[in-house]
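Q: Got a model open here and want to go through it piece by piece. Can you take my questions as they come?

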Amino acid sequence: AGQFGGVDPAFKLGQLIGRIEGGSWFAVGSGTQFKSVIGGQLYLAMNDVDYSDNSGLVSVSFSIVPSTVTKVWTGAQAALFGPAASFPGNWLNDDLPASGDNVAFDGAVSNVSCNWDIFGITLSSFTLRPGFTGSVLVQGSIVAEGGLSVAGGTLEIGDYNEIRVRGSAAVSGGTLRLKAAARLVLPRTGLTVSGGRFETAQ
């Protein structure tokens, strides 16, 4: 049996491993592809026990391929397992949102309400489409790189939770509601309200 390293004993001694932020380590070796469900810093390490006797270096090249997929909420398993966004069975094709994805709540698919309990994810866009009549309670954190759009339903940011928008932010229908200790971080262009309601707790 081969020796196993000290960073993570699940991997062999000297194996190149990586992780995103505080996530689990995964094997890199001479090359790998993986889908990240969270955003953050990429950390690489040689799986070793004692680094004091090491010398030399390893050059690593990598690329990030943004997702063009739209993940659609169904809430199909909400009655059995709850309306958590972190449960795969609540998404179309059991496919959880991953960093770079577009996320959509579409009344033509489902009006089941959602408890957004995913933290540290950077999405291309986050959209409540026209015709959606459910609610989305954010009890996690979201970075919307491409934009935030509320055109139906209710998007509520819970206390001590956050949505950070780097693209456009618009309310054209439905309701965007902030709890007293919620955070909505907007770009310089601010929030455009052309319909619906924007509410903040007093």
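Q: Where is Leu-44 found?
A: Leu-44 is in strand S3, residues 42-46. Helices (H or I, at least four residues) and strands (E, at least two) are DSSP runs, numbered from the N terminus. This is a predicted model, where local features need pLDDT of at least 70 and side-chain atom pairs count only at pLDDT 80 or more, while totals for chains, interfaces and linings use all residues. Residues are numbered from 1 along each chain as its sequence is written, and side-chain values use heavy atoms, with hydrogens and water left out.

Q: Which nonpolar surface patch has Leu-44 in it?
A: One of about 920 Å², made by Val-7, Phe-34, Leu-42, Leu-44, Met-46, Tyr-51, Val-58, Val-60, Phe-62 and Ile-64. Patches are made of residues with over 30% relative accessible area and no salt bridge; like charges are joined within 9 Å, nonpolar side chains (Val, Leu, Ile, Met, Phe, Trp, Tyr) within 5 Å. Accessible areas come from the Shrake-Rupley method with a 1.4 Å probe, and for residues only the protein chains shown count as cover.

Q: What sheet is S3 in?
A: An open sheet of three strands, in the order S2-S1-S3, with antiparallel pairing. Strands S2 (26-27) and S3 stand at the edges with a single partner strand each, so one side of each has no neighbour in the sheet. Two strands pair if DSSP finds at least two bridges between them.

Q: How many bridges join S1 to S3?
A: Five, with strand S1 (residues 16-20) and S3 running antiparallel. Ile-20, for one, has Leu-42 in S3 as its bridge partner.

Q: How many bridges between S7 and S10?
A: Three, in the parallel sense, with S10 covering residues 141-144. In S10, Ile-142 is the bridge partner of Ile-121.

Q: Switching to charges. How many salt bridges in the whole structure?
A: Ten. A salt bridge is a side-chain nitrogen of Lys or Arg within 4 Å of a carboxyl oxygen of Asp or Glu.

Q: What does Asp-101 pair with?
A: Lys-71, with the closest N and O atoms 2.5 Å apart. Asp-101 sits in the loop between helix H1 (78-81) and strand S5 (102-105), and Lys-71 in strand S4 (residues 70-72), so the pair ties together parts that are 30 residues apart in sequence.

Q: Are those two buried or exposed?
A: Asp-101 is buried at 2% relative accessible area, and Lys-71 is buried at 5%.

Q: And what about Glu-199, which residues does it bridge to?
A: Arg-177 forms a salt bridge with Glu-199 at 2.8 Å between the closest N and O atoms. Arg-177 lies in strand S14 (residues 168-178) and Glu-199 in strand S16 (residues 192-200), so that pair links parts 22 residues apart in sequence. Arg-177 is partly exposed at 28%. Arg-197 also forms a salt bridge with Glu-199, the closest N and O atoms being 2.6 Å apart. Shared partners join Glu-156, Arg-177, Lys-179, Arg-197 and Glu-199 into one network.

Q: How many aromatic pairs?
A: Eight. The ring centres of Trp-73 and Trp-91 are 5.3 Å apart and the planes are at 80°, so this pair is edge-to-face. Rings of Phe, Tyr and Trp (its six-membered ring) pair if their centres lie within 6.5 Å; planes under 30 degrees apart count as stacked, over 60 as edge-to-face and the rest as tilted.

Q: Trp-73 and Trp-91, buried or exposed?
A: Trp-73 is buried at 0% relative accessibility, and Trp-91 is buried at 1%.

Q: Which residues form the aromatic cluster?
A: Trp-73, Trp-91, Phe-105, Trp-116, Phe-126 and Phe-132.

Conventions
Buried means under 20% relative accessible area, exposed over 50%, partly exposed in between (1.4 Å probe, protein chains only).
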